[in-house]
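Please work through each task with the structure at hand before reading its solution.

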Amino acid sequence: MEELYYDNGSETFLVHYRSGPSYRMTTSHFHATYEFFYMMDGQRKFFIKDRTLLIEAGDIVVVAPNVLHRTTQAQTPDYERLVVNVHERYLSADGAARTEGLRPLFERDYLLLKKGTYASAAIDTLAEQVVREVQEKRPGYEDYARTLTIQLLISCCRQLPVRTGEPPSASNPMHERIFEVVRDINERYMEELTLERLAERHYVSPYAISRSFKEATGFTFVEYVNSVRVKEAIALLLGSPLKVNVIARRVGFGSVTHFGRVFKAVTGKAPLFYRKKG
């Protein structure tokens, strides 16, 4: 296995190249940065927002900040991919001109470019340069790699296909039903959510939801509900003066103690960490 990992220590710029056996992300995945995910070889299943996509060699996904996503193993055991995370403060640093070039990125939860729909040579060159800068660490390498990342994102926006309809339905009818449940959770996360209530609402058994949820999304039912609630809690911690106990209730937790325990399990940090950042 070959791997390169760089984190600037402030959670604003990260480069992670990996080539080797497939593995499953073990944590819920949302962050305050834009994520450029380039599948260079192999396959991964990519759950994002309310859909699981099969991402194959040559495909690119760009995910907006705080959009819940997770990759899981596909049929191909080995893969190669590059992930670059960059904070939006760097994307809007030069004002309106850059914002216009990145407009599709700012207006959507994610961008998807399939192999054959864009000029891959330009993307490959920029991606290789980002990795090389982080490997060699010459003077100014982070600024240079970040600039290259912005070029990557602008290139993706320029080459985004005009047709932007909904992703195709899942080939498995039960998975499509699970995605309906996911959309319901996304909208009703502040309510009491149980398998029984959701099963009744979607005319399916609680057992069927429990059995198929992880297969369709990469999350267990409880993991997903907790992750959505924590994601919404982070937004309130950063963007409102509400007290932690009020936020806990607002996003669907019955007690602040349970909220704190789940929050720490999902993010690795206490809620007040995000209040201090805000």
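A residue is called buried when its relative accessible area is under 20%, and exposed when that area is over 50%; values in between count as partly exposed. The model examined here is predicted.

**Exercise 1.** Determine how many residues of strand E4 are buried, and identify which strands pair with E4.

*Solution.* Next, consider its partners. Strand E5 (residues 51-56) runs antiparallel to E4 and is joined to it by 6 bridges; within this pair, lysine 45 lies opposite leucine 54 of E5. Strand E7 (residues 69-73) is likewise antiparallel to E4, with 5 bridges between the two. Here phenylalanine 46 has threonine 71 of E7 as its bridge partner.

**Exercise 2.** Find which residue takes a positive phi in the hairpin of E4 and E5.

*Solution.* The hairpin has 2 residues between its strands, and lysine 49 adopts a positive phi near 65°. As a reference point, most residues other than glycine have a negative phi.

**Exercise 3.** Locate asparagine 66 and tyrosine 203, and classify each as buried, partly exposed or exposed.

*Solution.* Asparagine 66 belongs to the loop between strand E6 (60-63) and E7. Although not a glycine, asparagine 66 has a positive phi of about 60°. Its relative accessibility is 34%, so asparagine 66 counts as partly exposed. Tyrosine 203 is found in the loop between helix H7 (195-202) and helix H8 (206-217). Tyrosine 203, also not a glycine, has a positive phi of about 55°. Because its relative accessibility is 75%, tyrosine 203 counts as exposed.

Note on methods:
Residues numbered from 1 in each chain as written. Predicted model: local features only at pLDDT ≥ 70, side-chain atom pairs only at ≥ 80, totals over all residues. Heavy atoms only, no water. Buried < 20%, exposed > 50% of the residue type's maximum accessible area, 1.4 Å probe, protein only. Helix = DSSP H or I, 4+ residues; strand = E, 2+ residues; numbered from the N terminus. Pairing = 2+ DSSP bridges.
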